[in-house]
Amino acid sequence: MSDNLIKPYGDTLNDGLVQLSFTLPIEASARARKAAEAYVAKLNFEEISVTHYKKIADGFTYFVVYARAIPVLDYNLIQAQEVESKGMDFYEINKQIAEKFGRKLTVVGATIGTDAHTVGIDAIMNMKGWDGNYGLERYPELNAYNMGAQIPCETLLAKAIEVKADAVLVSQTVTQKDSHIRNFTEFMELVEAENLRKNFILLIGGPRITNEMAIEMGYDAGFGPGTKPSNVAEYILSRLMEKQGISR
Amino acid sequence: MLTLPLEAQQIQRVKTLAREIAAQVQDFIDLHSSDSSERTVLRLYGVDGVTEDGIPLPNRLVELLRESRLIESGISRPFAKAMIKTGLGASETAKALHEGKVRFSELGSIHPELVQKKEQELCKKAIGILDRTRLVKREKAQKFGNPEYPWRYLIVASGNIFEDRTQARSAAFSGADVIAVIRSTAQSLLDYIPYGATTEGFGGTYATQENFRIMRQALDEVSQDLNRYIRLTNYSSGLCMAEIAACAAIEDLDMLLNDSMYGILFRDINMKRTFVDQYFSRMICGRAKIVINTGEDNYLTTSDAIDKAYTVTASQLINEAMGHNALLSDNLLGLGHAFEINPKIKNQLLYEISHAQLARQLFPDAPLKYMPATKHKSTDIFYSHVMDTLFNLVTIATRQGIHLAGMATEAIHTPLMQDRYKSLANTNYVFNAAADFGSEFQIRPDGFIAKRAQEVLDQAEACLIKVHEVGLMQAISEGQFADTYRSQNGGKGLLGVFTKSQDYSNPILAQIKAEGMME
């Protein structure tokens, strides 16, 4: 038996307390409230308390529910691949690139497909960066090319070949009907069809992106919300050192 | 009342600068037209429908006119001739042209007086559409009354017009005054308007005339049920600005996103194309009394909201001047700005109040469109919800006109039904709790808010002086706005721009211009 069984924490260890909110397509009523309770019971909760419910449209009711989760989880069985970061800063990263490679590294980034959102790629690449963390364009040891949004996969790859990119950043914000997955897959298939997978470090980013998702699709890493430009720069540096067998 | 100690003379100066900048662009506009502007004429003449390959008939006809090398005179006259020749209605004549039963190059000689008469008849019908919708909107306003500003503006974006309809009803039920159907991403780059009802879209729903009709009908029903006027918004931007405006007028839409520079900067649409198209689209909006919403908020998503706040102000002034050139009255100018300052900045709230109040005082009669935080929204929805509370407070304190309700889930997905409900609950709470906040406090003339607003206005004036010197087109090429560089002959859609010939004819535009601003 594992010594690491866990449950959600409210205010007492193993109380299993969870807050839920959701909408059911039914008219608000005492019966609707009962339905919400019954539904949450089906999700394997107990001591269910519907603390709030309100009609939000004809035939739709919104619920806030507290309940205790029944299952426990053996945390020892959980593994995840996180992008390792030592929290290197702008200066340290530039210094390392200069020392270890003796040349500038080249990075190309774009939002591909029909997605018109530049917010993600801009946060990482634009000079200004975000939250006080400089963007890749500001790094003296990086040649950074931000191609913007709605870039066809072919155009992005052509640019990566043209400038001999070390790393390619692919951004997707729109996730409706899994369009991001299709776009990421299309780009990867293109790279593989051209037999160029080994030439680049391929990274993906966006608000719904996880590192696991990236690895599953054949990318080197994936960056989700909260990622700073320096996290990406550090990853490119260390992954390239690893690929080229350069010691730290 | 919150009041910034601004100098009337300085306001006069920046408005004059903007007017002169717009006048320069207008000189260019007056000499040119575009494929999409000509397609707009056809739509208002009653041409609707698609070919067997799904190509909209207005596109097909403009293409045929180009093949006949007759585009420089505009489509109005040759189309009128074709109608005389066929003796059929507009859409039937369009079909006959498409099928080659009639050809633009083989219309023969028809007495000019007859052609002119036909053009006048068609123009009367077109203007009739715009006048009808203006009256319909006035009647609704009289019947239901207008809500007090700020109007609560909610987006729906499911991709499926029928789901959107359900979402819109729910938003109206929770207190929305305006429903915006977000467009499918990249529609702005389509050089045609898709046809029919659509149920698939990415990040939004296609703007089609049929989708407009479906949503309008739903909102009219909701207006009846709730005894409130629920307004409908869509997007007149991209490569089909004026055409969308025409469809919107036909289907009684109340507002359109419409910016003189947005497409250039954020969608890389050619600037000549954009300037020409925005003019005709705005002439339509003015006559049809459609409120435009400009896109300055977008500047702050790419540039820093403090460093580049002045670009918002400068652009608002230019948008206002171009709006006036297109006969838009002040109450139709939903000039845009946004609550986009990094929440970690000390006194973020004071900066936001300062910027919002500056816009309020520069454009006292415009229903300013105020956008919530997006760039700094967290995936922690609870934190984001709190950010929206402060945004709501700034809106009510500075009396903004059109309030785009912020979503706690902004950083995660297009809104769920419950996201809209929570957003409106927050908005309704703050608007009520702080109803008279703005009239109870004064801004310290020597304080942070007043000084900051003065700084932004000074920077905006300096920016306009630079733009005035080189001209707007050159200024955009030099990256003056949104840190984005766009060349005069770059971008999409330039091939669809042409110089009007001496005998160019667009009677719709001519009549709107001759008759001036409508009450």
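This is a predicted model: local features need pLDDT of at least 70, side-chain atom pairs count only at pLDDT 80 or more; totals for chains, interfaces and linings use all residues.
Residues are numbered from 1 along each chain as its sequence is written, chains are lettered from A and ligands numbered from 1 in the order in which they are written, and side-chain values use heavy atoms, with hydrogens and water left out.

Chain A puts 28 residues into its contact with chain B, and chain B puts in 31 residues; contact here means heavy atoms within 4.5 Å. The size of an interface is often given as the accessible area lost when the parts come together. Between chain A and chain B the buried area is about 2,300 Å², and carbon and sulfur atoms give 55% of that. Buried area is the accessible area (1.4 Å probe) that two parts lose on being put together, summed over both. Of the area that chain A buries against chain B, 24% is supplied by A:Ile56, A:Gln176 and A:Lys177, more than by any other three residues.

Which polar links cross this interface? The count between chain A and chain B is three residue pairs in polar contact, both residues at pLDDT 80 or more. A polar contact is a pair of N or O atoms within 3.5 Å; within protein, one must be able to donate a hydrogen and the other to accept it, and residues adjacent in sequence count only if both atoms are side-chain atoms. On the side of chain A that touches chain B, the elements giving two or more residues are β2 (17-24), β3, β4 and α5 (179-193) of chain A. The largest share, five residues, comes from β3(A). Helices (H or I, at least four residues) and strands (E, at least two) are DSSP runs, numbered from the N terminus.

Over all chains the structure holds 16 aromatic pairs. Rings of Phe, Tyr and Trp (its six-membered ring) pair if their centres lie within 6.5 Å; planes under 30 degrees apart count as stacked, over 60 as edge-to-face and the rest as tilted. The rings of A:Tyr53 and A:Phe63 are stacked, because their centres are 6.1 Å apart and their planes at 20 degrees. A:Tyr53 lies in strand β3 (residues 45-57) and A:Phe63 in strand β4 (residues 60-69) of chain A, so the pair ties together parts that are 10 residues apart in sequence. A:Tyr53 is partly exposed at 28% relative accessible area, whereas A:Phe63 is buried at 0%. Buried means under 20% relative accessible area, exposed over 50%, and partly exposed in between (1.4 Å probe, protein chains only).

Two single residues remain. B:Gln278 lies in helix α11 (residues 271-288) of chain B and is buried, with a relative accessible area of 2%. Leaving aside residues up to four places away in sequence, B:Gln278 touches B:Ile29, B:Met241, B:Asp259, B:Ser260 and B:Met322. A polar atom of the B:Gln278 side chain lies 3.1 Å from the backbone oxygen of B:Phe275. A:Gly245, in the segment after α7 (229-243) of chain A, is exposed at 63% relative accessibility.
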